[in-house]
Amino acid sequence: MLDTFFRLLGAVPAPPDAEYLYGDDELGRMRERNLRRYLAAVHGTTVLLLAEAPGWRGMTVTGVPFVSAREAGEGGPAARAVPGLELPEHPQALWEASSRVVWAALADWHGPLPLTWPIYPHHPFVAGDPRTNRTPRPAEVRDGTPVALELARAFGIQTIVAVGRKAQGALAAEGVDAPAVRHPAQGGARAFTEQVLALNARS
């Protein structure tokens, strides 16, 4: 079901200041195993929360959107929802604020948990410093959009919710009209939670 998704994901160009997370090394293979476990765990959902890009404290550690070491560790909400998640022996970061906000909001979600994915699937960073995040360039977003749309197709997604305006704009360019919610970062936690749960209540 996901062969085309993984093929498109691997074909997205990765410039020197962006990291492909699922490479053929120990960490890359661990991330891919985690991603496959996550996708299997949320199979059957009809809602996709489409965010911007992986962060170095979260998805770059685990390979799963909005899952940092804290959520994937023993007793964490992602570990409870997705059996078998692995962590590096020495994670480069132990927590990510956005991941905490997302999983706290999902604790009140009714129905199957939504699928989450970034519109740009590689980790964009400030040149020379992988432990940073930068905004993906318009061309990078365009390169990543087909991957997100294929994932939505493979899952039979009925509702795509853009987490932030960048994802919403990318979808609009493809003729997809998607509601947007506030990104949970930089003071957006409360608005994100309220908006996401309001959409859930209406679905």
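A salt bridge is taken here as a side-chain nitrogen of Lys or Arg within 4 Å of a carboxyl oxygen of Asp or Glu, and by this rule the count comes to 12 salt bridges. The structure is a predicted model, in which local features need pLDDT of at least 70 and side-chain atom pairs count only at pLDDT 80 or more, whereas totals for chains, interfaces and linings use all residues. Residues are numbered from 1 along each chain as its sequence is written, and side-chain values use heavy atoms, with hydrogens and water left out.

One of these salt bridges is formed by Arg137 with Asp17, the closest N and O atoms being 2.3 Å apart. This pair links distant parts of the chain, 120 residues apart, since Arg137 lies in the loop between strand E4 (123-124) and helix H7 (138-155), while Asp17 lies in the loop between helix H1 (3-11) and E1; helices (H or I, at least four residues) and strands (E, at least two) are DSSP runs, numbered from the N terminus. Relative accessible area is classed as buried under 20%, exposed over 50% and partly exposed in between, with a 1.4 Å probe and protein chains only. Asp17 has a relative accessibility of 12% and therefore counts as buried, whereas Arg137, at 36%, counts as partly exposed. The side chain of Arg137 also meets that of Glu140 in a salt bridge of 3.0 Å, N to O, and Glu140 is buried, with a relative accessibility of 6%. Together with Arg134, the residues Asp17, Arg137 and Glu140 are linked in a network of salt bridges.

A further salt bridge, of 2.8 Å from N to O, joins the side chains of Arg37 and Glu86. Here too distant parts of the chain are linked, with Arg37 in helix H2 (residues 26-41) and Glu86 in the loop between helix H5 (77-81) and helix H6 (97-106), 49 residues apart. Arg37 is partly exposed at 28% relative accessibility, and Glu86 is likewise partly exposed, at 23%.

Glu19 lies in strand E1 (residues 18-19) and is partly exposed, with a relative accessible area of 27%. Leaving aside neighbours within four places in sequence, Glu19 is in contact (heavy atoms within 4.5 Å) with Arg31, Thr60, His122, His123 and Phe125. The side chains of Glu19 and Arg31 are joined by a polar contact of 3.2 Å, a polar contact being a pair of N or O atoms within 3.5 Å, of which, within protein, one must be able to donate a hydrogen and the other to accept it, and for which residues adjacent in sequence count only if both atoms are side-chain atoms.

Four strands form an open sheet in the order E3-E2-E5-E6 with parallel pairing, where two strands pair if DSSP finds at least two bridges between them. The edge strands, each pairing on one side only, are strand E3 (115-118) and strand E6 (180-181). Strand E2 (residues 47-51) is joined to the parallel strand E5 (residues 159-163) by four bridges, and the bridge partner of Leu50 in E5 is Ala162. Helix H7 packs on the sheet, touching E2, E3 and E5, and its direction makes about 165 degrees with that of E3. Helix H8 (residues 165-173) lies across E2, E5 and E6, running at about 135 degrees to E5. Axes are lines fitted to C-alpha atoms, for helices over the stretch in contact, and angles run from 0 to 180 degrees between N-to-C directions.
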